[in-house]
Every structure is written in C-alpha cells, then in structure tokens.
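Student: Please take a close look at one part of this model. Then connect that part to what surrounds it in the fold.

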Amino acid sequence: MPTVETVSKAGITTSSTGERHIPSSTRADGSVRKEIRVRPGYRPPEDVEVYKNRTSEAWRTRGSGGVPGAEPLVSDDVLVKGSVAANKNAKRREARKKAAATASERKEEEPITKVNKDAGGKGPSEPPVDPEAEKEREAKKLLKKLRQARELKDKKEKGDTLLPEQFEKVIRINELIRQLDSLGFDSNGEKKAET
C-alpha cells in the first residue's frame, strides 16, 4: 500500500485510495507490529486541538504587551521582574536584616545587666518574686489536687471502680496534706495562725 504524507500526530497515514492506517513498525526486540486500520472519521486525542477563546486569551495577556506601537520601558538595572511572592520575601529579608542591625546597635549601647545564677548564667535576672505569693500559688495547686483526690475517694466508697491512675491519686491524699502543712496551710486551704 503506497502512503501519503503523515498529517496526524498519532502516526496515522492515508493511502492513495483514501484508507487511513497506522503503518507497521519494528519493536526494539526485532519483532514486527502489524499495520492497524483506522476507521473513517476517527480523530485520535493527540490530533484534537484545544479550543482557545480569543477574548479570554487577550484578557489573560492584557498587561504584558504595553501600549501598541510604543517601545517597552525596560531599564538596565531591572531586567527580570520577580513574582509577587518573591518580592514580598525579599522585603521581609531586608526588614529582618535591618531589625537585626538595630538590635545589635542597641546591645552595644546598653550596659551589661546582672546574670541570673539560677538560669545557668544564660540571661538577665528577673525581678524578685514575693515568696508569700509563691507559697499561696503552690498551695492553690495542692488544694485542687487534694479536692480531686477526695472526690475520687468518695466515688470509691460509693462502689465505683477507679482506674489505676485515679487510685494512685487517692493514695496520695496524706502526702498532699503534708505538703500543705509545710507551706503553712491546713487541709482546707486556710492559712495557719503563726504561734
């Protein structure tokens, strides 16, 4: 069968009689593929052109052309314009550099502060905390734990089953009372009178 010029991207050729077919070919291993006939009117997906709407294409490229007939304004120092995200990132980097530079200048100007020995010499010392307020805060934490443990104990006495973690909390009631006593509070959270 004599063939005419290939018009298809899929490799379909048309013979002089008007029949369309994919010609036989040789595989890499040396075997031969048979010639495949193509039905009249069939268009393979490779040959179907994608529809392009001229209006939407013009709208998409509206700002890239500039004014018709005018020369484009491109300066030597701005050859490639980055994306919006790249520009934002560049601005952020500049701002970080400036902030780091001003921070280092401030450190040079500030006098050296005392170093906190409790923090392992890593930072400036914090203002002293009122020991009474610290004791009250710790007592509140212990009272909450004690209240929860007593509620669990009541549940157990009513016959409910407790999880192992809950049972451990019930066992710790006496320990919590001792800790409150060492802070100067009774088991109800009242501050003991100093004698």
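Tutor: Start with residues 18-44. Their end C-alpha atoms lie 17 Å apart. The span is 0% helix and 37% strand; helices (H or I, at least four residues) and strands (E, at least two) are DSSP runs, numbered from the N terminus. UniProt, in an unreviewed entry, places the feature "domain: WIBG Mago-binding" at these residues. Its positions follow the numbering used here, feature names are shortened, and annotations may be inferred rather than shown by experiment.

This is a predicted model: local features need pLDDT of at least 70, side-chain atom pairs count only at pLDDT 80 or more, and totals for chains, interfaces and linings use all residues. Residues are numbered from 1 along each chain as its sequence is written, and side-chain values use heavy atoms, with hydrogens and water left out.

pLDDT is the predictor's confidence in each residue, from 0 to 100. The chain averages 80, and 78% of the residues score at least 70. Confidence is highest in strand β4 (residues 32-33), at a mean of 94. It is lowest in helix α2 (residues 84-109), at 84.

Now the sheet. Three strands form an open sheet, in the order β1-β2-β5, with antiparallel pairing. Two strands pair if DSSP finds at least two bridges between them. β1 (13-14) and β5 (36-38) are the edge strands. Each has a single partner strand, so one side of each has no neighbour in the sheet. β1 pairs with β2 (residues 20-22) over two bridges. Thr14 stands opposite Arg20 in β2.

Next, the nonpolar core. This is a set of buried Ala, Val, Leu, Ile, Met, Phe, Trp, Tyr and Cys residues joined through side-chain atoms within 4.5 Å. The largest has 11 residues, including Leu142, Leu146, Leu152 and Leu176. Two or more residues come from each of α3 (131-158) and α5. α3 gives the most, with five residues. In soluble globular proteins, nonpolar side chains tend to be buried together.

Leu176 lies in helix α5 (residues 173-183). Its relative accessible area is 3%, so Leu176 is buried (under 20% is buried, over 50% exposed, partly exposed in between; 1.4 Å probe, protein chains only). Leaving aside neighbours within four places in sequence, Leu176 is in contact (heavy atoms within 4.5 Å) with Leu142, Lys145 and Leu146. Leu143 is 33 residues from Leu176 along the chain, with 8.0 Å between their C-alpha atoms.
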